[in-house]
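Here is a short briefing on a predicted model.

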Amino acid sequence: MSREVSFDPEDEEFFGSVGSFGVPKFDDAMRGGVPRGFMMIGFTDTGSGAELFGKQFTSPAEESDNTMYVSTNESKAEISRIFTKYDWPQDIRVRTLGEEYNSKVLEKELLASRYRLEGFKLPDIQRLAQTRFVEDNTQDFLTEMTNEVMSMGPYFRGVIDSLDFFIQRDDQTRVISMLRMMQAHTQMYRGLLLLMISRDAIDAATKQEMAAIADMVLEFKVRGIGSEFETSMIVSKFRNAPENLAVMVYRVTAEEGVTPETVERIV
Amino acid sequence: MDEILRGGIPYGSTVLVAGTCGSGKTTLGMEFLVRGATSGEACAHFTATEPSVKLLENIRQYSFFDMKMIDSGLINVFDMDVLYSWLGLEKASFDLQDVYALIKAIVDIVNTIGVTRLVIDSVTTLCYKIKSEQLIRDFLFTLGKKLATLGCTTLLIAEITSATENAHWSSFGVEEAIADGIIVMGDVERMGHLLRYLQVVKMRGTQHSRAKYAIELTPLGVMLTPMLKWGALNDRAGSWGA
Ligand SMILES: Nc1ncnc2c1ncn2[C@@H]1O[C@H](COP(=O)(O)OP(=O)(O)O)[C@@H](O)[C@H]1O
Ligand SMILES: [Mg+2]
């Protein structure tokens, strides 16, 4: 990883040293936004609004073809509905790995039941006699995902929601080493990469390891107070700027999406 | 081999080739197919014990084998794992429906390409996925019957751990019951050497020799020589290619 990346001076001026969260009040609380080159990990609770936060993070879309949103559990239609509702740019790169996975599996199951019902036709048999390996129907989504991130150019912006998908299918140490690669790429290309993962999906040691690789750690929490729910985000790690560590209570509104209400410094 | 069998394996029969590991079952099976392919018969080999890539890599070293037979489609090698995957059978154990799906697929293949020589290598590996003995019996019986009506001559390869006189020639004790013939391959110690041998225990429709023959796996293929100590008097000495 000793490759030098040269940046266009005009780009340097245009993008600046920090990028917006897509939420002005968060930017203010973080003294301008996220430093370019940061890989962030968000540890999430169900119902904390983290999914929306992830989508909102793409909304600044400085360059739409250099902005990527990867979802592992939503469909393109669902994503599009939310982007439309908030009027966030939709010409960004969107990949829905859950959908891709399901259609692969479904396709294979359909084919199998067709073979079982109707039997093999001559061309099927010829193909079968020439097939020497079992096709990996689930394909290697983790490698593909990493390659997708690694192919992003200078000042990219990317969100992966969520890593749960990979943790469930791959060996955890592989996921961790892919994270290191993505972190290095993000840093070198001054990108902004936000990765979400459910707190429940990993054990404490894995969480610790992921937090150590990330430049910034966000904890999305939800707790019940009487009949209400309070959603909050804790910035528990901010590389080189511990003064930014904070607890922010936020609401999700129909107009602005995720909106902080109170900001409390930790240090 | 043809001389031992007094002509060969009767058409349409199902023969169990039971042998210990490395005794030459796969090689014998492949020679059986090559002989058929040479005279233009359509052949099929289902490999479950090893991936087809490995099988072909090994078998191509023998001079009797020619990759052209594979390329031209005369010998069709099917990887059981691929077949399982295509049929949605990537699971540890098969139920009745799965077993029928498997039989249907094999019969389909035999029928569609008009296979007259078939090797299943091995039924032991295949049957590991079938948990009940009744189901194994059902499977082998149904398969054997269907193949016989299609006029296909079949070698069912079985892995056994020992080939002694009173050993079972099958792992499940049912393979031998459905077979028209049984060929046993194993090791025998002679003057400190471990020799491979072959013996035809049963072959319906032929007055075969029941003697033990020493086998040598040579680059030419399987070579057989009578073992005099056990050999019947009227068995001519010499060696034959299978
Ligand atoms: N090219 C070859 N020439 C002669 N003998 C070989 C060759 N390749 C393998 N063999 C012998 O064949 C044996 C394996 O035979 P194989 O038919 O695969 O046995 P099985 O199927 O019963 O396990 C090997 O142990 C080796 O001794
Ligand atoms: Mg073998």
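Two strands pair if DSSP finds at least two bridges between them. Strands (E, at least two residues) and helices (H or I, at least four) are DSSP runs, numbered from the N terminus. This is a predicted model, in which local features need pLDDT of at least 70 and side-chain atom pairs count only at pLDDT 80 or more, while totals for chains, interfaces and linings use all residues. Residues are numbered from 1 along each chain as its sequence is written, chains are lettered from A and ligands numbered from 1 in the order in which they are written, and side-chain values use heavy atoms, leaving out hydrogens and water.

**The sheet in chain A**

- A:M40 stands opposite A:M216, a residue of β8(A).
- β3 (residues 39-44) and β8 (residues 216-225) of chain A are paired in the parallel sense, over 5 bridges.
- The open sheet of chain A has 9 strands with mixed pairing, in the order β5-β4-β6-β7-β3-β8-β9-β10-β11.
- β5 (93-96) and β11 (257-265) of chain A each have a single partner strand, so one side of each lacks a neighbour in the sheet.

**Ligand 1**

- The shell around ligand 1 holds 14 residues (a heavy atom within 4 Å), and the closest are B:G22, B:K25, B:T26, B:T27 and B:L217.
- A polar contact is a pair of N or O atoms within 3.5 Å.
- A polar backbone atom of B:G24 is 3.0 Å from an oxygen atom of ligand 1.
- A polar side-chain atom of B:Y62 lies 3.2 Å from a nitrogen atom of ligand 1.
- α1(B) gives the most to this shell, with 3 residues.

Key:
Polar contact = N/O pair within 3.5 Å; in protein donor to acceptor, adjacent residues only side chain to side chain.
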